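Trainee: Could you show me how to read helix packing and ring pairs in a model?
Mentor: Gladly; let us look at the structure together.

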Amino acid sequence: MQILGCNPRLISLLNRSTFHLNARPFSSSSSSPYSSQSRGGLPRFFSETLPSSKGGVVRVKGDEFWHMTKVLRLGIDDRVELFNGKGGLVEGRIESIDRSGVDFEALENPSLVSPPTTQWHVFAAFSTLKGGRADWLVEKCTELGASSVTPLLTVRSQSISENRVDRLQRVIMAAAKQCQRLHEMILKPPIAVDELLPVVAKSRLTFVAAAEATPVFNALSSLNKEPNGIIIIGPEGDFTEKELNSITEAGATAVGLGPHRLRVETATMALLSSLMLWSDSQELASN
């Protein structure tokens, strides 16, 4: 096996006291609407019910109890946070543990964080994706801040199993905890293109990814932010011409995502990321 020698000048550079890395977490400004979403430091767990005030106690059971005590091996007096998926967050401690759950005591009054000002709803035809790609799509939608994801049923993506829906719900919960999101992303029941059309007709901000359409940032340059928006992504093999025409005729704006053919999950991330960043810039410009 060949051993590579080290450059003496590189060693000298690394040893200089002026050369160092600042490995510290990013922090957001207190003026940001997301500043209280992620405080860091404490493990966070989901609970539908939060203590109503400081000193209140709630019971944590099931998967969250298992993760808290068996995976992270937390014990009595360890500090954790609970969130309810509706913007509520509270810091507290583990008061007691038994075989069925833990008792959590609030060390402060719960806080309530408002949801983002623009709610993006994703309709994506991902039921045919295999090898964990659908999990990845839903996970990243959660992290990026989509308000909901709806499996879209098309000619080329016709069904999704109940077992898969249950798994995706678990993926969403795990992703919400990992990214410290306080408002849960909703996984809605599957919907067919024909059922989507009235929803599109009522929306003032709807985009559908389409090959050779106007680039997304060109389309956004003349638009204003709205409280709700819709993102539509077709299946592998794309929409049929009839499906795409019906969606645009209902009021959706066709937008392009570059010169290459994208997978369903890639197109979803590209369009959602673009629109989330655009929404943020619109929010800052209006303040």
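Trainee: Is the crossing of helix 3 and helix 4 left-handed or right-handed?
Mentor: A crossing is left-handed if the near helix is turned anticlockwise from the far one by less than a right angle, and right-handed if clockwise. Here helix 3 and helix 4 cross in the right-handed sense. Helices (H or I, at least four residues) and strands (E, at least two) are DSSP runs, numbered from the N terminus. Please keep in mind that this is a predicted model, where local features need pLDDT of at least 70, side-chain atom pairs count only at pLDDT 80 or more, and totals for chains, interfaces and linings use all residues. Residues are numbered from 1 along each chain as its sequence is written, and side-chain values use heavy atoms, leaving out hydrogens and water.

Trainee: At what angle do helix 3 and helix 4 pack?
Mentor: Axes are lines fitted to C-alpha atoms, for helices over the stretch in contact, and angles run from 0 to 180 degrees between N-to-C directions. Helix 3 (residues 133–144) and helix 4 (residues 162–179) pack at about 40°, and their axes are 9 Å apart.

Trainee: Which residues of helix 3 and helix 4 meet?
Mentor: Contact means heavy atoms within 4.5 Å. On the helix 3 side are A134, D135, V138, E139, T142 and E143; their partners in helix 4 include L168, V171, I172 and A175.

Trainee: Which residues in helix 4 are buried?
Mentor: Buried means under 20% relative accessible area, exposed over 50%, partly exposed in between (1.4 Å probe, protein chains only). In helix 4 this applies to V165, L168, V171, I172, A175, A176 and K177. Their cover includes strand 1 (44–46), helix 2 (62–71), strand 3 (79–83), helix 3 and strand 9 (186–187). Just after helix 4, Q180 has a positive phi of about 60°.

Trainee: How many aromatic pairs are there?
Mentor: Rings of Phe, Tyr and Trp (its six-membered ring) pair if their centres lie within 6.5 Å; planes under 30 degrees apart count as stacked, over 60 as edge-to-face and the rest as tilted. That rule gives two aromatic pairs. F46 and F83 are edge-to-face, with 5.6 Å centre to centre and 70° between the planes. F46 belongs to strand 1 and F83 to strand 3, so this pair ties together parts 37 residues apart in sequence. Both F46 and F83 are buried.

Trainee: And what about W120 and F207?
Mentor: Their ring centres are 6.3 Å apart with the planes at 40°, so the pair is tilted. W120 sits in strand 7 (residues 119–124) and F207 in strand 11 (residues 206–215), 87 residues apart. W120 is buried, at a relative accessible area of 0%, and F207 is buried with a value of 0%.
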